[in-house]
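Take a moment with the sequence and the 3D view before reading on. The paragraphs below walk through selected parts, one stop at a time.

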Amino acid sequence: MTEIRVLTDEAQYRAHTTVFRRAMHWGPPSDEQWPVVLPSYEAGRVLAAFDGEDMVGTTQSYGSSLVVPGGAVVPHAAISRVGVRADHTRRGVLTALMREQLSTLADPVASLRASEGRIYGRFGYGLASRVREVEIDAHRAVVPGAPTGRVRMLDQDTADELLPVLHDAIGLTRPGQITRWPGWWARARDRKTSAENSVTVVHSGPGGDDGFLTYVVKEEKEFKHRLSIEDLVVATTDAWRDLWAYVTRLDLVDHVEGEVALDDPVTWLFEDPRVVRTKDVFDEVWLRLVDVPRMLSARTYGQADPVVIEVQDRLLPANDGCYRVSPDGAERTDAAPDVTIPVDLLGACYFGDTTFSQLAATKRITGTNLAAADALFAVPQAPHCGTFF
Ligand SMILES: CC(C)(COP(=O)(O)OP(=O)(O)OC[C@H]1O[C@@H](n2cnc3c(N)ncnc32)[C@H](O)[C@@H]1OP(=O)(O)O)[C@@H](O)C(=O)NCCC(=O)NCCS
């Protein structure tokens, strides 16, 4: 019999990390690693499943904020460390954890990164944003024109101090982005320290610091290197352009790779667009609308005739019902539905990355007035989170 408990102390948090890490086939945290991991535990947000006194499953969340289409910012739970001990899988442990987590979350929306694509749909999470993995042939990459600002390299201590401040100052600039919590920065610092040759550069324009980039360079063959972009955050397109120009002009670097939003204009940055190769298009954010009425009201809508959407939510039945969505907003209604959709697929449509017509074509949903629904949920900018957790 599985019992779900909220964990409260450091010894339990450490056991929680161990259960999760073992589920991922990693070893337990060492004494050196533990002080870095501990700040990522937030009181009241850590759940574990127990079989008697044995901890057999884990999940937790970090409190942050999320930008929705139209620019509003809502409280958001970043779900992490989901794992079930290998000798207890496929007995409903994760189902019990998800049920408890979702029914007790105060935040109206949650998101996660999925290790496998088949796990989370049943719990109401939909694939809401994707990233493009690009590889650039640095030797052939020519950015026309001169830089408009200055790029300076930081030492590790200065970067540790400046980056959280600069990230907050830049703010949330596009739908899908989230704020970063103190434990996130602690983990990022640790990753940089263990990567040993991680480098951070900051860009300044006329108004001061307006972007930063962290990268790691690996030698692949003698004098042949691959640069991986770990983090790229900018306030302006000038900062974006100068930082890409910087990484593609570095001596001894043959290839530059990174993850960008689906609509990122990087291909057009170079004289020859073929220097940018798409290696993959991959899942980014899986989104769970926890409070559907609140989340439908939080975003803005495009111009189209109103559409009535019927939402089905097996785990959180308070969300069930019909919502009238129009250019003026969304509200509950008793009117007959045009479209019927499970909550995970509404999550997939929420940021505009997936359309109702696409889902109908694949027979995942049924309905009429699909073109109007598509136009209402359409967005000018593809969603992108850019903060891995
Ligand atoms: C993924 C994981 C947490 C699932 O835990 P679990 O306790 O076995 O899940 P449940 O028993 O509650 O499964 C619920 C349902 O999801 C299905 N399911 C669970 N994990 C699945 C997977 N990886 N692939 C396909 N289906 C899966 C189950 O078959 C079950 O379906 P059913 O209700 O139709 O029988 C667990 O297998 C695990 O820890 N995996 C390794 C670590 C990992 O990938 N964690 C996720 C990080 S994002």
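In which loop is Arg113 found? The answer is the loop between β5 (109-112) and β6 (125-127). Keep in mind that this is a predicted model. Leaving aside neighbours within four places in sequence, Arg113 is in contact with Glu284, Val285, Cys385, Thr387, Phe388 and Phe389. One of these partners, Thr387, also makes a polar contact. A polar atom of the Arg113 side chain lies 2.8 Å from the backbone oxygen of Thr387.

Next, step back to the domains. The domain assignment divides the protein chain into three: domain 1 (2-107), domain 2 (132-282) and domain 3 (286-377). Look at domain 1 and domain 3 together. Their centres, taken over C-alpha atoms, are separated by 29 Å. The two domains do touch: 13 residues of domain 1 are in contact with 12 residues of domain 3. Between them, domain 1 and domain 3 bury about 1,100 Å². Carbon and sulfur atoms hold 75% of that buried area. Which residues of domain 1 lose the most area to domain 3? They are Pro69, Arg99 and Leu102. Together these three account for 47% of what the domain 1 side buries.

Now turn to the ligand. There are 19 residues around the ligand, and Val84, Arg90, Gly92, Thr95 and Ser115 come nearest. Sorted by type, the shell holds 8 nonpolar, 5 polar and 6 charged residues. A polar backbone atom of Arg90 is 2.6 Å from an oxygen atom of the ligand. A backbone N or O atom of Gly92 lies 2.8 Å from a ligand oxygen. Glu116 uses its side chain instead: an N or O atom there is 2.9 Å from a nitrogen atom of the ligand. How much of the ligand does the protein bury? Taken alone, the ligand exposes 900 Å², and the protein buries 74% of that. Two elements give two or more residues each to the shell, namely β4 (73-84) and α3 (93-104).

Val217 is the next stop. Val217 sits in strand β10 (residues 208-221). Compare Val217 with Val199: the two are 18 residues apart in sequence, yet 8.5 Å apart in space, C-alpha to C-alpha. Not counting residues up to four places away in sequence, Val217 touches Asn197, His225, Arg226, Leu227 and Val253.

Finish with the backbone. Most residues other than glycine have a negative phi. Leu252 is found in the loop between α6 (237-248) and β12 (253-261). Phi of Leu252 is positive, near 70 degrees. Lys363 lies in the loop between α9 (356-361) and β19 (366-367). Lys363 is not a glycine either, and its phi is positive at about 65 degrees.

Methods: Residues numbered from 1 in each chain as written. Predicted model: local features only at pLDDT ≥ 70, side-chain atom pairs only at ≥ 80, totals over all residues. Heavy atoms only, no water. Near = heavy atom within 4 Å. Polar contact = N/O pair within 3.5 Å; in protein donor to acceptor, adjacent residues only side chain to side chain. Areas by Shrake-Rupley, 256 points an atom, 1.4 Å probe, with all protein chains shown as cover. Helix = DSSP H or I, 4+ residues; strand = E, 2+ residues; numbered from the N terminus. Nonpolar A, V, L, I, M, F, W, Y, C, P; charged D, E, K, R; others polar. Domains from an automatic or database assignment. Contact = heavy atoms within 4.5 Å. Buried area = accessible area lost by both parts, 1.4 Å probe.
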